[in-house]
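Here are my notes for your first look at this one. Keep the viewer open and go through the points in order.

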Amino acid sequence: MSLTVYRKSHFNAAHRLYRNDWDDKKNKAVFGKCNNPNYHGHNYEFEVGVTGDINPETGFLIDIEKLKTIIKEEVEDYLDHKNLNLDIPEFKELNPTMENIVVLIWNKLRKRLNSNYGLSIKLFETPRNFVIYNG
Ligand code: NI
């Protein structure tokens, strides 16, 4: 028997999508509103799914208070109220798209969880645009 426990969280951050090696016209055509030179914000929402078995002793799959702390330390404290392009080293040379952000979140949480657990992250950049990464 395997179950998945979810914890929802969020952070607010600014970003800009562009490539230095493309001219303004091409950047605007490809990245649209997210190419705005003066940056813009998103209210990112994400769901962390941890898959495993119920511990018969506790009845827990994972201690959700511990999961909450790990999410806060690894994701919220790292990304909340940041300019993703300027403040986050991983995005110095990499566009902070929702695809690249979800991989960053997954990698940071994966390091903190027992390898017996499965990990899935669903990241919403807007209420209608989201991405799921399972590793
Ligand atoms: Ni954007």
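1. Start with glutamate 73, which is partly exposed because its relative accessibility is 42%; the label covers the range between buried (under 20% relative accessible area) and exposed (over 50%), with a 1.4 Å probe and protein chains only. Its side chain meets that of arginine 112 in a salt bridge, 3.0 Å from N to O. A salt bridge here is a side-chain nitrogen of Lys or Arg within 4 Å of a carboxyl oxygen of Asp or Glu. Arginine 112 sits in the loop between α4 (98-110) and β4 (118-124), while glutamate 73 belongs to helix α2 (residues 64-79), so the pair ties together parts 39 residues apart in sequence. Helices (H or I, at least four residues) and strands (E, at least two) are DSSP runs, numbered from the N terminus.

2. Before going on, a word on ground rules: this is a predicted model, where local features need pLDDT of at least 70 and side-chain atom pairs count only at pLDDT 80 or more, while totals for chains, interfaces and linings use all residues. Residues are numbered from 1 along each chain as its sequence is written, and side-chain values use heavy atoms, with hydrogens and water left out.

3. Lysine 108 and glutamate 74 are both buried, whereas arginine 112 is partly exposed at 35% relative accessible area. Put together, Glu73, Glu74, Lys108 and Arg112 form a network of salt bridges; the total count of salt bridges is six.

4. Which residues hold the nickel ion? They are His15 (NE2), Cys34 (SG), His40 (NE2) and His42 (NE2), at 2.0 to 2.1 Å. Donors are N, O and S atoms within 2.8 Å of the metal (3.2 Å for Na, K and Ca); water is not among the atoms, so sites may look incomplete. The arrangement is tetrahedral because the four donor atoms subtend angles of 95 to 130°, and four donors count as tetrahedral if all angles lie between 85 and 135 degrees. Along the chain, the donor spacing reads H-x18-C-x5-H-x1-H. Cysteine 34 is buried at 15% relative accessible area, and histidine 40 is buried at 19%.

5. Asparagine 85, in helix α3 (residues 84-87), is worth a click. This residue is buried, at 7% relative accessibility. Its side chain reaches the backbone oxygen of arginine 16 at 2.7 Å. Leaving aside neighbours within four places in sequence, asparagine 85 has contacts (heavy atoms within 4.5 Å) that include His15, Tyr18, Tyr39 and Phe91.

6. Last, the rings. There are five aromatic pairs, meaning rings of Phe, Tyr and Trp (its six-membered ring) with centres within 6.5 Å; planes under 30 degrees apart are stacked, over 60 edge-to-face and the rest tilted. Phenylalanine 11 and tyrosine 44 are stacked, 4.8 Å centre to centre with 15° between the planes. The pair joins strand β1 (residues 3-15) to strand β2 (residues 40-52), so parts 33 residues apart in sequence are tied together. Ring pairs link Phe11, Tyr44 and Phe46 into a cluster.

Note on methods:
Four donors count as tetrahedral if all angles lie between 85 and 135 degrees; four count as square planar and six as octahedral if opposite donors are over 155 degrees apart and all others between 65 and 115; anything else is irregular. A polar contact is a pair of N or O atoms within 3.5 Å; within protein, one must be able to donate a hydrogen and the other to accept it, and residues adjacent in sequence count only if both atoms are side-chain atoms.
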